[in-house]
Amino acid sequence: MSHRVGVVRFPGTNCEFDTIDAIRALGGDAEVLWHGDPSLKNVDAVVIPGGFAHGDYLRCGAIARFSPVMESVAAFALNGGPVLGICNGFQVLTEAGLLPGALQKNIGMKFLCSMQQIEVVSTGNVLGKGSTVGDCIKIPINHFEGNYVCPPEALAELEARQQIVFRYTDNPNGSTRDIAGICNESGNVVGMMPHPERATSLLLGSTDGTALIRSFLAA
Amino acid sequence: MHFEVKIEVSPRDGIANPEGSTIERALPALGFEMTGNVRVGKVIRLQVEAESADAAQSLVEDMCNRFLTNPVIEDALVEVLAT
């Protein structure tokens, strides 16, 4: 059980407290990990939350990859540690090479902020324990660069190895094959554009994120 | 030696370019119906110290591969301009 979750804060991160609140509300413990400190403080799992790490200059996540904490996150991930990248965190994980592909500007050049229905495509990952393939859940999105792209051969591998975790049922951003979230081959690293931490209370319009976060805490 | 370098970053062929598509759809409104295949990238200019123009070229290409571009979606054209 991942009792203690480290939530990484870069300059420009803005979803760390939402993420920490959601984890605590579900019985986990969470603390901020400052990007400039390479120590992961012996946490059991790591979340890279949403925001605009290092201002998203050059490309989203491009500069965050060089923060001292990221070398430790990469080693933790390669060692099988649970890592979840949400929104900007997903972008950081692709730039860091922990997940394949890239996220570019939405088709139509619109910043999207809406509740979105996504389908659970695979469950062999750290978010999948409380879900069934084919479940349709409501999780909000909030991004300008969520249009997932990857070379055809990488896409074929993702599909063959069941690394596509979520697909939009109504693609809002032009993402390749409606991809909303993917995982690495062993399933311990997941990146997703929708924000599960913002779907943990009826007041927020959905509680569908709780199953995902509970699964992550149990990983 | 001191070199000025220009790096042209462009979206890779086959990768959709939402900025270009949006501009392409807007141009006919101004009467430019004859335009097509608009692609938007960016230009980075920097100065670099290197022993030769070739050394400057390979130094900057290394920067592009490791940081300045994302090879999944972007191509880079490095041009060493002047000393």
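**Chain B, a pocket, a cavity and selected residues**

Guide: Chain B contains two helices and three strands, where helices (H or I, at least four residues) and strands (E, at least two) are DSSP runs numbered from the N terminus. Their order from the N terminus is β-α-β-α-β. The model is predicted, so local features need pLDDT of at least 70 and side-chain atom pairs pLDDT 80 or more, whereas totals for chains, interfaces and linings use all residues. Residues are numbered from 1 along each chain as its sequence is written, chains are lettered from A and ligands numbered from 1 in written order, and side-chain values use heavy atoms, without hydrogens or water.

Visitor: Why is chain B called more spread out than a compact globule?

Guide: The radius of gyration of chain B, taken over C-alpha atoms, is 16 Å. Of the contacts in chain B with a separation of 6 or more, 72% join residues 24 or more positions apart, contact being heavy atoms within 4.5 Å. Buried residues form 28% of the chain.

Visitor: Why is Gly36(B) called partly exposed?

Guide: Its relative accessible area is 43%. Buried means under 20%, exposed over 50%, and partly exposed in between (1.4 Å probe, protein chains only); Gly36(B) is therefore partly exposed. Gly36(B) sits in the loop between helix 1 (18-26) and strand 2 (42-49) of chain B. From Val9(B), Gly36(B) is 27 residues away in sequence and 20 Å away in space, C-alpha to C-alpha.

Visitor: What makes helix 3 of chain A mostly covered?

Guide: Eight of its eight residues are buried, among them Phe90(A), Val92(A) and Leu93(A). After this helix comes Gly97(A), with a positive phi near 80°.

Visitor: What makes up the lining of the largest pocket?

Guide: Helix 3 (88-95) and strand 5 (102-104) of chain A and strand 1 (2-11) of chain B each supply at least two residues. A pocket is an open set of points on a 1 Å grid over the protein atoms alone, with protein on both sides within 12 Å along at least five of seven lines; lining residues have an atom within 4 Å of a point. The space in this pocket is about 410 Å³. Its lining has 23 residues, and the closest to the centre are Arg59(A), Lys105(A), Lys42(B), Ile73(B) and Glu74(B).

Visitor: Which residues line the largest cavity?

Guide: Among them are Thr19(A), Ala22(A), Ile23(A), Glu197(A) and Phe216(A). A cavity is a set of points where a 1.4 Å probe fits but cannot get out. The largest has a volume of about 50 Å³, the space filled by probe spheres set on points joined across faces, edges and corners. Helix 1 of chain A gives the most to the lining, with three residues.

Visitor: How do you know that Asn142(A) makes a polar contact with Arg198(A)?

Guide: The two side chains approach to 3.3 Å. A polar contact is a pair of N or O atoms within 3.5 Å; within protein, one must be able to donate a hydrogen and the other to accept it, and residues adjacent in sequence count only if both atoms are side-chain atoms. The pair therefore qualifies. Asn142(A) lies in strand 7 (residues 136-143) of chain A. Beyond four places in sequence, the contacts of Asn142(A) include Cys87(A), Phe111(A) and His195(A).

Note on methods:
Rg over C-alpha atoms; globule rule 2.2 N^0.38 Å.
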